[in-house]
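Welcome! Take a look at the sequence and the model, then follow the notes below.

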Amino acid sequence: MSLETKHPLQLTANAITVLERRYLKRDDEGKITETPEQMFRRVAENIALPDRTYHPSADVEALTEEFYALMANLEFMPNSPTLMNAGRDLQQLSACFVLPVEDSMQSIFDTIKNAALIHKSGGGTGFSFSRIRPKNDLVRTTNGCASGPVSFMKVFNAATEAVKQGGTRRGANMAILRVDHPDIMEFIACKNDTRELTNFNISVAITDVFMQALQDNADYELLNPRTRRPVGTLNARDVFNQIVESAWKTGEPGVVFIDRINAANPTPAQGEIESTNPCGEQPLLPYEACNLGSVNLSLMTMEKDGTRVVDYARLKRVVRTAVHFLDNVIDVSSFPLEQIDQRVKTNRKIGLGVMGFADLLLKLGIPYNSERALQMGEGLMNFIDDESKQMSHELALTRGAFPAFAESRYPGERLLRNATTTTIAPTGTISILAGVSSGIEPLFALAYVRTVMDNDRLTEVNPIFEQAALLGGFHSPELIAGVVRQGSVHELAAVPEEVKKVFVTAHDIEPLWHIRMQAAFQRHTDNAVSKTVNFPRSATPTDVENVFEEAFKLNTKGVTIYRDGSREGQVLSVGTAKAPAAEEGEDKIEPRKRPDITFGRTEKIKTGCGNLYVTLNHDEAGLCEVFTQMGKSGGCAASQSEAIARLISLSLRAGVNPQAITKNLRGIRCPHPSWQKGGMVLSCPDGLGVVLERYLNWREGKEDTEDIPSSHGLSALDKLAGACPECGGTLEHEEGCMLCRTCGFSRCG
């Protein structure tokens, strides 16, 4: 019997879509040449091979079956590069890398080259720019002035963009700068215009000295990295306020508590940790990489005495097998640089985490925003960390401890095969493959609307909620329609209060619960915890400040926040549709000529691409033309807005009802909606529709207000989040990145 038939896959439609788009092998013509079962078999066979190196008589076939079952049963998933590349020519299996950036042109451009090689292989890169001398510092070789770290970040960003053009997805980067670098204020503000540095997430490395100065409302010293001498001071509260203000506006920068990270550095003799991977959960030494994987907690339950409880026996088996799997990954990986290969095999770091935690809580009937949930999260991670260490110890007894063990912080304790064993990653697309919630995040929504061929919109409701509604006797088509509209059940009268308490979404939860949950998992995680603290649009900078301070008090290693609608400046894409051609001999409507004299008004409206100035004119025959001007920007956004305006003008002069034009423009979404006084603008076309609708109301003598007219046919979730540029699905924000759970599209920066 084949492996496939022993473990038939239970994949969702979204999982199959993501596999076909991003994971399965293709031939030279782009045709898919393997099934999901064959992909898991390819990975399992490849990852089982090292056992024969350590034990010549090892039953590799049985281990292959064990690894295959682990993935086929959706109990565990390795990080994406392992699924994509294991058993193939590339054989680069790690997702996380950190590269050093020294204070010289040669080092900077060597690092850019190395980053390009990593991006090409599917990995993400983190950098600390803290060693680069500040702006206007002396450059002795040329007697000139340095341009500073932010200017070089732009060079890295451009290189990442160029590499993306030759591959299937954009590389992701993390940029970190120490809070005591003289250019820290420029760095904090470098992404206030979110059209800049679009391939970077940024975080400020906060020191203990800075936090003490913040507590004392005192100044702290700025240090020139070239000389390590003080070159000035800043008030800690002023700097902190700028961090808070920028994060409130755009979601960036995040903060990492760099001294706390180094206090937990397992191999301090090899140097200080300076940076993390793009989503912040994996602090790494320069030239270090880490391979990650996640246990599906949603499956780790069972019925006992009529009650659903955690199945710790199953969880133990999965954790132990996963650690074995991840340790083997190190041995079969082909790294893009010799320095990386050497350091990875010296420390043998792995990062086992979780996904489906929110689903687990739903099955257990525990609200995410409760003390019980915090206790459950901490207890689960304590168990996982203990079992992962025990398995790492057992591997060390037969394979040897990691080579740097003697100089690590572990001597005197039990031998370990791996310098670290646990990390909480965001999970992104692998949680889509498993059909569960992401990482330790709460549910983003209880229902999604998925666009498929021929523009059909299919409703997908969380199956755990739907089952609860059926068992509770309150399921109905009207209920499901309400869930789709609202995105949650918080304000639906048909849902019992005890059910509402359990089925909370990210936007129903107070921000402090988010950071408390992150801290609960961090207490038993070697590396760091990926977690986005979600804020409503109405949140104030003070709310953000409170979470940052709470993150430090609760001993997290960093924090990222996202306030709904705060990423308004991203470059957006507009889709087009080809209209059917007129039949031969069919009468064609010719628009009337433009009149010589028109009357009208101009209105400014904010969009994700900037300020859009819309002029609408009429003559004695009615509304006849539209002009647009896109602020100071040019390029695609301005040209597409002009094209849309010309087509609207032609339609108006051809006799098309303006109300019909408005109806077709309203509700068009793009990746980043824009907030302004009166409501939300979903895209540039939606903004044109808003202005046109208000103009028509004005012409009809209705009250002229600044409110955004409601867009028809959109759920609250549609309005809250942006649209996926690939499939039109809803985008979720996590750790500075965007993810579409319909097709797997992701973008960081």
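The largest nonpolar core of this predicted model has 128 residues, a nonpolar core being a set of buried Ala, Val, Leu, Ile, Met, Phe, Trp, Tyr and Cys residues joined through side-chain atoms within 4.5 Å. Here, buried means under 20% relative accessible area, exposed means over 50%, and partly exposed lies in between (1.4 Å probe, protein chains only). Because the model is predicted, local features need pLDDT of at least 70 and side-chain atom pairs count only at pLDDT 80 or more, while totals for chains, interfaces and linings use all residues. Residues are numbered from 1 along each chain as its sequence is written, and side-chain values use heavy atoms, with hydrogens and water left out.

**The nonpolar cores**

- In soluble globular proteins, nonpolar side chains tend to be buried together.
- The residues with the most contacts inside the largest core are Leu83, Phe129, Phe187, Leu297, Phe357 and Phe548.
- Helix α13 (residues 312–332) gives this core its largest share, 10 residues; helices (H or I, at least four residues) and strands (E, at least two) are DSSP runs, numbered from the N terminus.
- Leaving aside neighbours within four places in sequence, Leu83 is in contact (heavy atoms within 4.5 Å) with Tyr23, Met39, Phe40, Arg42, Val43, Met71, Met77, Pro78, Ile430 and Leu433.
- A second, separate core of 24 residues includes Met630, Ala638, Ala645 and Leu665.

**One side of a helix**

- In helix α2 (residues 13–22), the buried residues are Asn14, Ala15, Val18 and Leu19.
- These four residues lie on the same side of α2, because they cover an arc of only 135° around the axis; the arc is that of the directions from the helix axis to the C-beta atoms.
- An α-helix has 3.6 residues a turn, so residues three or four places apart point the same way.

**A sheet with a helix packed on it**

- Three strands form an open antiparallel sheet in the order β21-β22-β23; two strands pair if DSSP finds at least two bridges between them.
- β21 (599–607) and β23 (622–630) are the edge strands, and each has a single partner strand, so one side of each is left without a neighbour in the sheet.
- On average, neighbouring strands of this sheet are turned by 20° against each other, direction ignored; axes are lines fitted to C-alpha atoms, for helices over the stretch in contact, and angles run from 0 to 180 degrees between N-to-C directions.
- Strand β22 (residues 610–619) pairs with β23 in the antiparallel sense over 8 bridges, and Asn617 has Glu625 in β23 as its bridge partner.
- Helix α25 (residues 684–699) packs on the sheet and touches β21, β22 and β23, with a direction about 140° from that of β21.

**A hairpin**

- Strands β14 (residues 301–304) and β15 (residues 307–310) run antiparallel and are joined by 4 bridges.
- The two strands, β14 and β15, form a hairpin with 2 residues between them, and Asp305 in the turn has a positive phi of about 55°.
- Opposite Lys304 stands Thr307 in β15.

**Cysteines**

- The structure holds 1 disulfide, a disulfide being a pair of cysteine sulfur atoms within 2.5 Å.
- This disulfide joins Cys737 to Cys748, with 2.0 Å from S to S.
- The pair links distant parts of the chain, 11 residues apart, with Cys737 in strand β27 (residues 737–740) and Cys748 in strand β28 (residues 746–748).
- Cys737 is buried at a relative accessible area of 6%, and Cys748 also counts as buried, at 14%.
- Cys96 is in no disulfide, and the nearest cysteine sulfur, that of Cys290, is 6.0 Å away.
- With 2% relative accessibility, Cys96 counts as buried.

**Loops worth a look**

- Where is Ser94 found? Ser94 is in the loop between α6 (80–85) and β2 (96–98), and it counts as buried at 2% relative accessibility.
- Between Glu252 and Pro253 the peptide bond is cis, with omega near 5°; Pro253 lies in the loop between α11 (236–250) and β10 (254–257).
- Asn217 is not a glycine, yet it has a positive phi of about 50°; its place is the loop between α10 (208–216) and β8 (219–224).
- Tyr287, in the loop between β12 (283–284) and β13 (288–296), has a positive phi of about 70° although it is not a glycine, and it is partly exposed at 23% relative accessible area.
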